[in-house]
Protein chains: 2
Amino acid sequence: MKILPDSVSKLIEEFSKLPGIGPKTASRLTFYLLTKPDSDIESFGQAVLNLKKALTTCQSCFNITEESPCTICRDPERDKSIMMVVEEPLDIVALEKTGFNGLYHVLGGVISPIDGIGPENLRISQLLEKIKKWDPPAGELKSAKGRSSSGREIILATDPSLEGEATAMYIGREISKLKSQNSKLKSIQITRIARGLPVGGDLEYADEITLTRALEGRREY
Amino acid sequence: MKILPDSVSKLIEEFSKLPGIGPKTASRLTFYLLTKPDSDIESFGQAVLNLKKALTTCQSCFNITEESPCTICRDPERDKSIMMVVEEPLDIVALEKTGFNGLYHVLGGVISPIDGIGPENLRISQLLEKIKKWDPPAGELKSAKGRSSSGREIILATDPSLEGEATAMYIGREISKLKSQNSKLKSIQITRIARGLPVGGDLEYADEITLTRALEGRREY
């Protein structure tokens, strides 16, 4: 026997498709919405429908934006001598909170042979093209947090996962190739975000790979 | 500086309003949707908008339904001599899985003075009215799982929380009053769902109130 009205089952099904939401949570969310006034449900539904309507991809950094180039790429206050390579637009949200004031390049994923994603499926060629043309006037260089030189720098900020590390390694190698081919690019520094113990974490519970990386990355105090 | 496009911030905000979804999860869900094709987003948005459009409340049991009386109340196969009093429509979904084949009555909440919800805000008077008229022909009585008699029975199935217990106690007293006023209702049995250790649970981690209830409710083996 059908216990639930169709519209309720349908929304439970739709919620269940979202990551981390199982059938129980999906039911709870749906029944929660049922207790809300029509205007709230309307507002939620419209927000979903409008999500992508005004969106496009920035043709410079490949972040999602309402207008290309995006607000970050257009901003004259941004330090154009430092570029952070990230996997997804969501990473930018997290990194912006650190006060990072350079540019970004969104890869759109990581190299993952198991999912059939190779370097050609990511925006790596676009990154390399951008680097080839990357020639900021020396006068405009600003110093960024933790930078040793005031030259150009590329920070590889893919996830510290197996795929993220492999992708960073691949891109690092490709940029090195470019550098060896073009003397103008020689001064570009390639860095990788530090792997170590998360702040507030507990050394005793850290896995051995993280601990090894934390030791390797130790600094003078 | 605005990092996120308006439509993205808006959906994150809407997701954050849902119970158990914080700003981080809301961002993750929104960015997940961004990776999906337009048709999936359309389907989700429409499911939200259509949720309540075809819904009404069953005028007999107060469950949500597309048509009143609901499929459960209309079903001639249902045992009309047993009625389960629950807080919310979602409870019915869980109880149906146990194979319960009687009727329901949805209160629409619990007595909670702290939230300003008294008995008059729940569907208690409707329940009492229904009980007054509840006179199933003896021939139609069927025996239900775990019932001692084949008479009428009301199972108080509010949550085993402070408010749920208080509500069950209040309703139990009101039904007892009815029974003492009307000899026709005298045979109605009032029961409460068992409190005890959840199946698959661990005795060692159970709180003392649950353990006390489990001991009180013990049965001959």
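The model is predicted, with pLDDT of at least 70 needed for local features and 80 or more for side-chain atom pairs, while totals for chains, interfaces and linings use all residues. Residues are numbered from 1 along each chain as its sequence is written, and chains are lettered from A and ligands numbered from 1 in the order in which they are written.

In chain A, four strands make up an open, parallel sheet in the order 4-3-5-6. Strands here are DSSP runs of E with at least two residues, helices are runs of H or I with at least four, and both are numbered from the N terminus; strands pair if DSSP finds at least two bridges between them. Strand 4 (103-106) and strand 6 (189-192) of chain A sit at the edges with a single partner strand each, so one side of each lacks a neighbour in the sheet. On average, neighbouring strands are turned by 25° against each other, direction ignored.

Strand 3 (residues 82-86) of chain A pairs with strand 4 of chain A over four bridges, in the parallel sense. A:M84 has A:Y104, in strand 4 of chain A, as its bridge partner. Across strand 3, strand 5 (153-156) and strand 6 of chain A lies helix 7 (residues 162-181) of chain A, at about 160° to strand 5 of chain A. Axes are lines fitted to C-alpha atoms, for helices over the stretch in contact, and angles run from 0 to 180 degrees between N-to-C directions.

As for the two chains, chain A and chain B each put 47 residues into the contact, which takes C-beta atoms, placed from the backbone, within 7 Å. On the side of chain A that touches chain B, helix 3 of chain A gives the most, with ten residues.
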